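Visitor: I am new to this structure and would like to learn how to read it one feature at a time. Could you take me through it slowly, giving the general idea before each case?

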Amino acid sequence: MGQFGRRPDSGGRAGASERKRNKEIAKGRLERKPPIKGRIERGSLRKSSANQWRRELDYLQVEVRKQRDAAKREPLYERFVNCASRLLPQADVLTEIRGIEGYSGLADNDLLSDLSRGSFRGSIDDFLPLHHLVKLLGREVPNKKDDKFIYLLGSTSTSTPAEASVRNLRGLEYFLLGFAARLPEKQYLELHVDGKRFQVPYHNEHFEKDNDSVVITMKRRLDAAGLIPSEHYTLGKINDGYHKVHGNLHIVAEQRAYKADNGQMKSVAIAYLTTRYP
């Protein structure tokens with residue numbers, strides 16, 4: 001049997017018609033019509049179907065970790081995003097992906113308390129490359145038209161400054177280093193930050209502390225480019241390797257107050273990525 005589950009035609013290859021259909025969809029000449037599209041649009045997705053897609057998400061997490069070939073990971077990412085999108089009308093499944101929250105969630109005291117300790121919530125791994133992550137961030141929050149999805153980049157901890165603008169510079173560092181590490185080898189994350197062109201090559205170095213070599217190098221490059229602490233960075237003309245990210249992204253810093261376990265009021269500085277600003 002062929003890759004798509006049927007025998008080859010005479011003189012042909014298994015799955016050829018499916019490949020052609022997918023190519024037409026990718027070029028925008030044919031509309032993709034998932035089998036459950038109608039049920040999703042009517043808000044009548046059955047619980048069994050939701051469980052099926054959630055199992056698919058769990059399965060894809062494992063498959064992505066196992067797959068070393070960048071070209072073969074790409075369709076797995078696509079399937080993951082599609083599954084998450086299909087579940088979204090029934091539940092805020094995106095907030096189960098570590099790092100993704102609804103903006104309204106920043107009013108939640110427990111979340112802010114977790115963020116003050118550098119702890120992000122979520123049961124699903126955070127592994128999507130940038131060009132796939134932004135597809136999810138651009139989705140509407142179910143039943144909350146005034147809300148939006150954000151991607152957390154960093155927060156105050158005992159070893160980092162509390163000032164929002166300084167913390168946001170750390171968020172920019174994390175954004176650049178984090179998504180460059182998700183690129184295939186020999187590719188680049190290219191973008192303009194506040195109008196200044198910036199380029200970061202793929203790397204596989206571990207980074208966690210300020211004195212890690214890859215972090216020191218990034219700090220020097222940002223300083224040389226004149227990128228100083230700011231409570232808002234606009235990112236544009238973004239190429240995530242060979243994939244273009246359409247529109248602008250924003251890295252924003254905010255100070256939020258929360259009540260600690262001892263009853264005292266404290267503040268936390270949060271840097272996050274968003275497709276919509278303000």
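Predicted model: local features only at pLDDT ≥ 70, side-chain atom pairs only at ≥ 80, totals over all residues.

Visitor: Which residue forms a salt bridge with arginine 121, and where do the two partners lie?

Guide: The general idea is that side chains of opposite charge can pair when their charged atoms come close. Here the partner of arginine 121 is glutamate 101, and the closest N and O atoms of this salt bridge are 3.8 Å apart. The pair links distant parts of the chain, since glutamate 101 belongs to strand β1 while arginine 121 sits in the loop between α5 and α6, 20 residues away. With a relative accessibility of 6%, glutamate 101 counts as buried.

Visitor: How many salt bridges does the structure hold?

Guide: There are 14 of them in the structure. One is formed by arginine 54 and glutamate 96, whose side chains meet at 2.3 Å, N to O. This pair, too, links distant parts of the chain: arginine 54 is in helix α3 (residues 47–66), whereas glutamate 96 is in the loop between α4 (70–87) and β1, and 42 residues separate them. Arginine 54 counts as partly exposed because its relative accessibility is 22%, and glutamate 96, at 27%, also counts as partly exposed.

Another salt bridge joins arginine 98 to aspartate 125, with their closest N and O atoms 3.7 Å apart. Arginine 98 lies in the loop between α4 and β1, and aspartate 125 in the loop between α5 (109–116) and α6 (130–137), so this pair ties together parts that are 27 residues apart in sequence. Arginine 98, at 31% relative accessibility, counts as partly exposed, and aspartate 125, at 22%, counts as partly exposed.

Visitor: Which strands pair with β5?

Guide: Strand β5 (residues 232–240) pairs with strand β3 (residues 188–193) in the antiparallel sense over four bridges, and in that pairing valine 193 has leucine 235 as its partner. Four bridges also join β5 to strand β7 (residues 249–259), and these two run antiparallel, with tyrosine 233 standing opposite isoleucine 251 in β7. Strand β6 (residues 243–245) pairs with β5 as well, in the antiparallel sense over three bridges, and aspartate 240 has histidine 243 as its bridge partner in β6. Strands β5 and β6 form a hairpin with two residues between them, and glycine 241 in the turn has a positive phi of about 65 degrees.

Visitor: At what angle do helices α7 and α8 pack?

Guide: Helix α7 (residues 164–180) and helix α8 (residues 213–224) pack at about 115 degrees, and their axes are 11 Å apart. That angle makes α7 roughly perpendicular to α8, and their crossing is right-handed. Among the residues that meet are Leu169, Leu172 and Leu176 in α7, and Val214, Met218 and Leu222 in α8.

Visitor: Is histidine 206 buried or exposed?

Guide: Histidine 206 counts as exposed because its relative accessibility is 60%, and it is found in the loop between β4 (196–201) and α8. Leaving aside neighbours within four places in sequence, histidine 206 is in contact with Asp212 and Val214.

Conventions. Residues numbered from 1 in each chain as written. Heavy atoms only, no water. Salt bridge = Lys/Arg side-chain N within 4 Å of Asp/Glu carboxyl O. Buried < 20%, exposed > 50% of the residue type's maximum accessible area, 1.4 Å probe, protein only. Axes fitted to C-alpha atoms, helices over the stretch in contact; angles between N-to-C directions. Parallel < 35°, antiparallel > 145°, perpendicular 65-115°, else oblique. Left-handed = near helix turned anticlockwise from the far one by under 90°. Contact = heavy atoms within 4.5 Å. Pairing = 2+ DSSP bridges.
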